[in-house]
Amino acid sequence: MSQSVTPRRTTRSSASASPSAAPATPSSPPKSRPKPSPRRQLLAAAAAAPPKEDGSSVDAALLDALPGRRAQAMDLLRLLAPAPVLPLMLHGGAATGKTRALLLALRHLRPSQRLVYAALRSLPSPRALFASILSQLSATSFSTSSRQRLPDKPSDFVAALRDALTGIISQGEVVYLVFDNLEVVRSWDKGGQLLPLLRLHDLLQLSQVVLVYVSSGTPDAYYSMTGSVEPNYVYFPDYTVDEVRDILMHGHPNPKLYSSFLSVALKPLFRVTRRVDELSAVLEPLFRRYCEPLGDLKAVPDEGMKRRLFEHVQPHLAVALNETFSVPMRASMDEVKDVGSAGKGSVKRQFAGRDGISSELEFHMSVSAKYLLLSAFLASRNPATLDAALFDSTGGSDNHKRKRKSSQASRDMKDTIVEEMLMKGPGTFPLERLLAIFQCITSVSEDILDEVECPDNMASESETTGLMSDVLLQLSTLCNSNFLSKSRSCPLEGSARYRSNIDEDLALKVARSVHFPLSKYMYRR
Amino acid sequence: MAAPSEAPLTAATNIEPFYVLHKGTASSSSSASSLPSSGRARRRIDISGPASLNPKSGKRSRNEAADDDGDGDEELYDRLRLEAFHRIWSKIQSTINEVLRGISLKLFDQVLQWVQESFSAVRSIARPCTDEVRQPYPLLTDVICRKIPTAFVLTKNAEFVDDITTFRDLAEHLESNGCHLAKLSATELSEKHGVGGCFRSLLRQLLSEVPDVADIFALASWYSSAENYDQPIVVIIDDLEQCSGDVLGELVMMLSEWVIKIPIFFVMGIATTLDAPRKLLSSETLQRLEPCKLTLGSPSDRMNALVEAILVKPCDGFCISHEVAVFLRNYFFKHDGTITSFISALKLACSKHFSVEPLSFLCMGMLEEDCENFWRDKFDALPQSLWKYASGLPSCTREKDSIKSGDNMVEGLSELMKIQKDWSSVLLCLYEAGKHGKVQLLDIFCEAVNPDLHTQKTPNLPNGKSGTSRRFIDQAMDTIRYLPVETLFHLLEVWSIHLKGMDKISDKVKELQSTTISTDSVRITKDKWTRRSINSTGNSTVALNDKVAMLLDDVTRKFLVSVECLPFHEIICFKNVSILQSALIGNPRRMVQLDLLKPHKHLKCSCCRKNGIAVSASMHDTSIMCNLAQEYGDVINLHDWYLSFDGIINSTHSKVKRKPHTSPSKKKSKPIAAESEAMIQARFCRAVTELQITGLLRMPSKRRPDLVQRIAFGP
């Protein structure tokens, strides 16, 4: 929370809360609940000294369902129990149990409460949001006029919402309006839709409507600009290692075995990610691997066994560590692969298999497409100024060495160019340059092809003309498979620029499959 | 298998317009020589007609035959050929569909199994009642991360065309097995439509009527109804690479929140590698997917199966020559790499064959049960011209001194069929052996149809020379020498299946099989007794391997006779590779340029021919410009170009003027010249634009406004 915002907030909240600025008593009617400005301090204090009413016996089930979220659960119960004046905002990183805590708390408080829930992530547009909320309000009790016509504008929505709500409130019910995944709204319409949502409290002016926002963004993202009443905040911090362990252990069939597994695997993985969902995704296949040597999954491991199991799982753990870092998807991928080739000693085979895969191309591509891809890669990688040095009428391969022995100064200059290119990432190139390189490459490799593959005599005749002919078709194939990206421009003009998106590994694989000496043409420092 | 033949491959059907039934070169020449066909022959046709043709066409031919003689015959044979084409191609097409379907069916079953497993896995977490499904807020379960089961289907071909049909069939397969199915294409998953549009099209495919606001609640309430509840929803995205990552990511996030209530699974087709989803989607999104990898048969596997079914297995009545085979192979491996284009090339070849080869209608006989009778009927009915043509076929004149009687022809064709059959059995044996050495069938096939194969190997040239023409066959033989006993035994078993009907050889194979068994048992007993004997058993297996290899070599020499060496092969064998070449590798820009440079070749006007090569004003403007452009390098100065263009136009103007008016009055010519100045500029501009549109040059850049760039070079 930034310091600069605090004073403004103070004035506003004091202005709104001034009529009922009385000492806090939890059992007092909702309106009289004051909201002093440094809310965070208050919450901390409240968490430290739990309110009298929320007896531990009542909440045991709730707290049990929310491991590691005791303080937040208490806050929620305290803030929600008497329908509060101010809206509530739950914020904290992804997968910290915000929605779960909220839903459990609400269920715990009033099993039959009126809950209108809108997860903005599952609503593709503001219109869908309005429709969803209004239909939730109207479907069960009565049908308002809004049922027939869906509001398009936020102001219409607010009016319709007020109509719907007043009807329900007049029956003495408290309505909870929950907006989950609030961060999604920011991508709608440049945030223009956000304002009325956040100001609903001011706009509706209905005391029996409780607004709850759930967001993974920080509150600063929402309330710095609105000029409306600020809600109560409940912060959900990331879980600690122990909490994560508790959560993962929750309801496991063989806790002894699993805890011995977690003691090995959790710490290193926790360094990579702290999100429970990611961790559980990575740990699940690892645990299956861990159990592999065990015949009986119910067994309680002793020390010797633990050590053996650890040795078994360690190489996988190392792999998983690296993969979690990028995408924790490969682990399960291998899982699938291994199911196919089940059996003992699959570890070695798996690693060997991965190496095997990396050395050859996994998919089919026609030879000319391969050459085109290589030339695109070269065009993106090499600076254009070096093209003449690398490729010339003789094909470049022998000339290349002579050029490299040029003076120190020019070499330095080239080096800086190359360095610049590397820093900028793959460069763009016009079609003509691509075609020129393509022609150079194919004309050289023609001889190579003859030596290595010795194709039938008539095949080589048609090759030269053939390879060039449908290059443009191949180009579109490459663009479609995301190997090249193309900048949009007038098709007549023909000045579209391309960029190759492939990494060196793939380029080398492709080169190897056509026996093309790619490294000769790649300019390195 | 009615469905696949009704809905053949999309691309393959599109070449229908190519099929223009030209009058066969030979038959047209024969009509020029116009031998009036005898009445007897015609009556024969009438008799034989209804047996093979449908009665309607037979009747028509009779009516027309009454009108005039030569044309009627010709038309009849044209129609016969067309019918033969339709019959044979539909046979080939259905074979193709069957083969491809058989290959992909394996994958389909895998996918179905995966769907069912995932469905039961999702349901084992929670089985929400209908009210719970409709609730807007998530179900509280113990699941930490809600993941969408996703099958990544690797299609293993950078080119996507082949898989369109695969995914369509997959959708049908899943739907018929009780899944709800929706297909999203890359166009729907684009930035333009956004996640809303994409979700709407998803709903449109599932719900009977889509509500005004397409949101997930509509889907939930639809799914919660009793008749929909017990099946999973499968969403097929067939080309993942082309989708917009953001939109797909949003969709995944949205659906993953609901996956326990509404079990939606993804099947995503990936053309390249598994890196594609990683590059496309954010890690947040990837985490919501529970991936599973499935692979489709690689294109070369499919190709092998296709070649085996269409080209190697006999009795389809159509085959291709060595040149064509090599061309097709190169086209497949070097250029296009799709089965679709291979099939369309084959169809093109087939249609060309039937349109060009006058006797090709006889191919139909190969499909008849009693082919000899069929042929005899046809031969007796042949008009003189075709008769002459048949006996003049180069393959007949080469082989035998004279073939006059129809019987001989029938015999020749039957012989051809028989030899073809043996040839294909031996080729399959070779392929079976080569499989262990990763030899592709298409490669062996190309060598086996080589007519030089037979002539080359008899003189037994040194290895280096003979290796070029039969590299893959030798490779296949070599693999036999190193096969372990078990595989060898298995190989012999497969051979005996392939060689059924060739008694002598299958006897030999049986003999070898028995020795395999004996050596096998010997080895086992010996192994039991002493360790030393490994050496000797090694020897015995080597001897056996050699024996098998020798047998194969022997058989290959005897039976692997290329079609092109046989008499009458022209009737069934398509040889004209240049037609195919020009049709498939169009090279349009070059053709446009060539045509522009030599317009009189097409226009055949009198004015230009007189002038010969020189550029004249009577030519089309664009043509003149194109000719002029040849004089420049890669950039053309616009002003110079214009001046020379102006010069050419005006030179003839003045010439034309000068000729009628021997004394040109300056007064008269001036205004015309001034008027044509603007006109010439306009014509110049139009010509330049046309050249730009045809892709021969590029407009001037801002930096050098007076120069245009040439793009196409060379004549």
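In chain A, 75% of the contacts with a separation of 6 or more join residues 24 or more positions apart, a contact being two residues whose C-beta atoms, placed from the backbone, lie within 7 Å. This is a predicted model, where local features need pLDDT of at least 70 and side-chain atom pairs count only at pLDDT 80 or more, while totals for chains, interfaces and linings use all residues. On bookkeeping: residues are numbered from 1 along each chain as its sequence is written, and chains are lettered from A and ligands numbered from 1 in the order in which they are written.

Chain A carries 25 helices and 8 strands; these are DSSP runs numbered from the N terminus, with helices being H or I of at least four residues and strands E of at least two. Of its 525 residues, 36% are buried. Buried here means 20 or more other C-beta atoms within 10 Å of the residue's own, exposed means 12 or fewer, and partly exposed is in between, with C-beta atoms placed from the backbone.

Now for a helix pair in chain A. Helix 12 (residues 255-272) of chain A packs against helix 13 of chain A at an angle of about 130°, and their axes are 11 Å apart. Axes are lines fitted to C-alpha atoms, for helices over the stretch in contact, and angles run from 0 to 180 degrees between N-to-C directions. The two helices, helix 12 and helix 13 of chain A, are therefore oblique to each other; under 35 degrees would be roughly parallel, over 145 roughly antiparallel, 65 to 115 roughly perpendicular, and the rest is oblique. On the helix 12 side sit Y258(A), F261(A), A265(A) and L269(A), and they meet residues of helix 13 of chain A including L279(A), V282(A) and Y290(A). That contact splits into 10 nonpolar, no polar and no charged residues. For these classes, Ala, Val, Leu, Ile, Met, Phe, Trp, Tyr, Cys and Pro are nonpolar, Asp, Glu, Lys and Arg are charged, and the others, Gly among them, are polar.

Helix 13 (276-291) of chain A also gives two or more residues to the side of chain A that touches chain B, as do helix 5 (98-109) and strand 2 (114-119) of chain A, among others. The contact between the chains takes 56 residues from chain A and 57 from chain B. Helix 22 of chain A provides the largest share of chain A's side, 6 residues. That side divides into 27 nonpolar, 20 polar and 9 charged residues.

Two backbone spots are worth a look. Most residues other than glycine have a negative phi. H515(A) has a positive phi, near 55°, and K156(B) has a positive one too, near 60°. H515(A) lies in the loop between helix 24 (504-513) and helix 25 (518-521) of chain A, and it counts as exposed because it has 12 C-beta neighbours inside 10 Å. K156(B) is in the loop between strand 1 (148-154) and helix 8 (161-176) of chain B, and it counts as buried because it has 24 such neighbours inside 10 Å.

As for confidence, the model scores ipTM 0.76 and pTM 0.74. Per residue there is pLDDT, the predictor's confidence from 0 to 100.

| Chain | Mean pLDDT | Residues at 70 or more |
|---|---|---|
| Chain A | 70 | 66% |
| Chain B | 75 | 77% |

In chain B, helix 3 (residues 25-33) is lowest at 37 and strand 3 (residues 233-237) highest at 93.
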